[in-house]
Each structure stands twice: as structure tokens, then as C-alpha cells.
Amino acid sequence: MPDAPLDLILLPTWLVPVEPAGVVLREHALGVRDGCIVLLAPRDVALRQTAKEVRELPGMLLAPGLVNAHGHAAMTLFRGLADDLPLMNWLQQHIWPAESKWVDEAFVRDGTDLAIAEQVLGGITCFSDMYFFPEIASERVHRSGVRAQITIPVLDFPVPGARDSDEALRKGLALFDDLKQHPRITVAFGPHAPYTVSDDKLENIRVFADQLDAGVHMHVHETASEVARGLELNGERPLARLARLGLLGPRFQAVHMTQVDDADLEMLVESNTSVIHCPESNLKLASGFCPVERLWQAGVNVAVGTDGAASNNDLDLLGETRTAALLAKAVAGSATALDAHRALRMATLNGARALGLESRIGSLEVGKAADLVAFDLTGLAQQPVYDPVSQLIYASGRDCVRHVWVAGKPLLEDRQLTRLDGDHIAAEARAWGERIGQR
């Protein structure tokens, strides 16, 4: 009996699978059936297959969908609210009070919709969300067709949606149970930071994470003052404290890590902990510089994230990756640090690995989900094209994203959102801005 027809054959000018590393395929095609990649072959071979749809992508680079490994989705509604301030002033004097006043289920619903729409338009097919009311965020992800890791917020004080950490964990465990079979949503624990979560709560999280084989996503070593405070209060650096509590490991996602000494590096390597680099937020808040090349050469998995729009101020992962590549060279003092191909890997497969999704997404391989993005490199600013990956990282913006698919389903067609009403989302965001701005 012949094989069923393919659902879709894509014929780009360049196909960049990310794995194997550094490969650019020309005159190749990708075939999709039932939401998965089932064919990677030369163009003439692929066209012998029957397919429901064949799509020519002239002048386009087809790559895995981008993975935004750290953000706070609903904080899009605080974009530009408190700019040009140092981290703790920004957080304690502006953001936390604003969250206390404004964040409710409606805020998270509308802010998450805005974040999803912005990210899909920028080629992001999967993101990690660390914010309040995770059940609302997961519902918006479900409706949108995008893929996400939703984290359970845990802090030592009451937060929107949870009177204390016990209630947050109870609700989080219920969400784990509700979503354990979801094809596009995973749930992880999201203790905020070492300075906002006590040892007993971290130990509870470790136990639950072990039982559920769940990720733990946490801001760690974001600033030098955080490390100094940890030494003063606990007699050890925050990363060492987390290691002592048994949290480090392949499931642990250490966000920021601008402060890394030799002992920190050894712990990261030995535990196989992932680091998530957020260069633009770190630059804007003057938090420090993550030593990406040093971590990479030591064998640490380094992914990239935008952080929230309140501190970045956009969710542009392609732009973030360009900043990461340039900053890595300056920090390492080497023009060869984090070349364009490795930068793209950091924004795709490394992000998938950090979130525990590398067997499903992050590269164009037969058997993986068809989470794809087509970048249009026909613009004047991209000519001439010698190395399409270099042109993507160093000469392109997110406006070159032309098409996006998640599990083979189109979320963006010719720059038009297919599952989200962009005009309605923008109108809701403007309404929030008027209410918040009046106060």
C-alpha cells in the first residue's frame, strides 16, 4: 500500500537544519505529514512525492522555529513603563507596585495574547513564560497554536493569583495534571530568584521536580550585588547554594548568569545545567555580561531569551541573537566567538535542549515536529548573499519573517497572523496603556 500523501512540501532557496551543525542545504525540500517532518531530500526527489500542498519559497531561508527560552509574556503591557533604571530600583519601586495594582486574570490574558502575537510575527514558535496566573497563560497558548513552557511562580510573599507559595504550588500541581498530555505545552517550576525564595521552598520544588521530571526555571546571578548579598546572608554564592540544595542538573534553567567564576563554571559543567542568556535586558539594566563563549567552550548548553518587554523592551529573538553574537565577541576579546551558525543554534536547538524539548523541536530532522520559520532574504539590505546564515544574524530583522508553522499548522502566512486577531489585540493593549498611564 503506498504511503499517504504528504500534507506539505516546502521548497526554500536555503534549508538550514541546525543539526548537523553549520550545514546549509541548497536545492532541498522539506516534507510534512501529521505535524511532523517526514522528508528532507533534494528538490527533485521530493517532487516525486504526492502532496496536498507544494509551496515554493524563493529567496527564503527555512530554519527551525526560534525558541525564546526566557520571558514574562504578560509584562508586554508594562512595556516602557519604567525605563532607564537599575534592576532593584526598577523592580522594587516600579514593577512590583505596578503588578500589585494591575495584574489580574484579564491583564494576563490580554498581555499574553500581545506577547504571543509579537513573538509569532518574529519567528518564535516556542517560548518559556515565567509569570502569574499560569493557568490563564496556558489557556492563551492553547488557543493560539504556539508552543510554550509555562512556569509556576514561587516567591516568599503573596503574588497575584496565589496568597503564598503553598497555594502557588497546589495550583501548579493541578496545572501539571491538566496539561500532562498536551502536545504543545509543558509545565515547569519557576522560583523567582535566590533572594526571593527560601531554602525550604526550594527543597519542596526539588522534590516535586524530581517526582514529575519537570524543569526548574530561575533567575540566577543576574547582578554582582545579588552574588554579594548571597555571600553576606548565606556565606556562599547563590549558585553554590542551589547546588547544595540539589537543584542543579539537566532540568535546571539558570537565567542570566552574568557573574561566573571558576567554581561556578565547574558546577554548571558537572551538573549539566543550562544557562539562558538575555543580553539586551542585561545591557539595559546594566546587570553585567554573561561569558557566553567561555561557557560554550566548557560544554555548557547556552540558550537565549528576550526577558520581558518591561526590561528589553521587545520580544525580538532574532535581534536578541544578533546582540548576543556581537556581545560575545566583545566579552571574549575574540572576533571568532559565537559565530553566526552557533548563534542560530543558540536560538533554536540550544533553547529546545534547555527546556527539555530537544527530542521534539529545535532542528529540522525527520521525526521532529514541523515547527518552522521562513525568513525572506530578498530585501535590499540582505544583498548579496554569500552566507545566508550570516545574513540572517547580522543583516536581517524580524520583519523578514514571512511564514511560521507550529506542528505543521500555519500561524503566519505572508506576514499575516492566521489564528490571532492582531487589530483586537492591539486595541486591548492600548486600552490597558490608557488605564495604567492615567495612574
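**Close-up views of a predicted model**

**View 1. The start of helix α9.** A side-chain oxygen of D261 comes to within 3.1 Å of the backbone nitrogen of A263, at the start of α9. The model is predicted: local features need pLDDT of at least 70, side-chain atom pairs count only at pLDDT 80 or more, and totals for chains, interfaces and linings use all residues. Residues are numbered from 1 along each chain as its sequence is written, and side-chain values use heavy atoms, leaving out hydrogens and water. Helices (H or I, at least four residues) and strands (E, at least two) are DSSP runs, numbered from the N terminus.

**View 2. The two sides of α9.** Helix α9 spans residues 262–271, and its buried residues are D264, L265, L268 and S271. They fall within an arc of 150° seen down the helix axis, so they line one face. The arc is that of the directions from the axis to the C-beta atoms. D262 and E270 are exposed on the other side. Buried means under 20% relative accessible area, exposed over 50%, partly exposed in between (1.4 Å probe, protein chains only). The buried residues pack against α8 (238–244), β12 (274–277) and α11 (292–298). Contact here means heavy atoms within 4.5 Å.

**View 3. Positive phi in two loops.** D213 sits between α6 (199–212) and β10 (216–220). Its phi is about 50°, though D213 is not a glycine. D213 is exposed, at 58% relative accessible area. D414 lies in the loop between β16 (409–413) and β17 (416–417). Phi of D414 is positive too, near 50°.

**View 4. A cis peptide bond.** E19 and P20 are joined in cis, with omega about 5°. P20 is in the loop between β1 (8–15) and β2 (25–26).

Note on methods. Polar contact = N/O pair within 3.5 Å; in protein donor to acceptor, adjacent residues only side chain to side chain.
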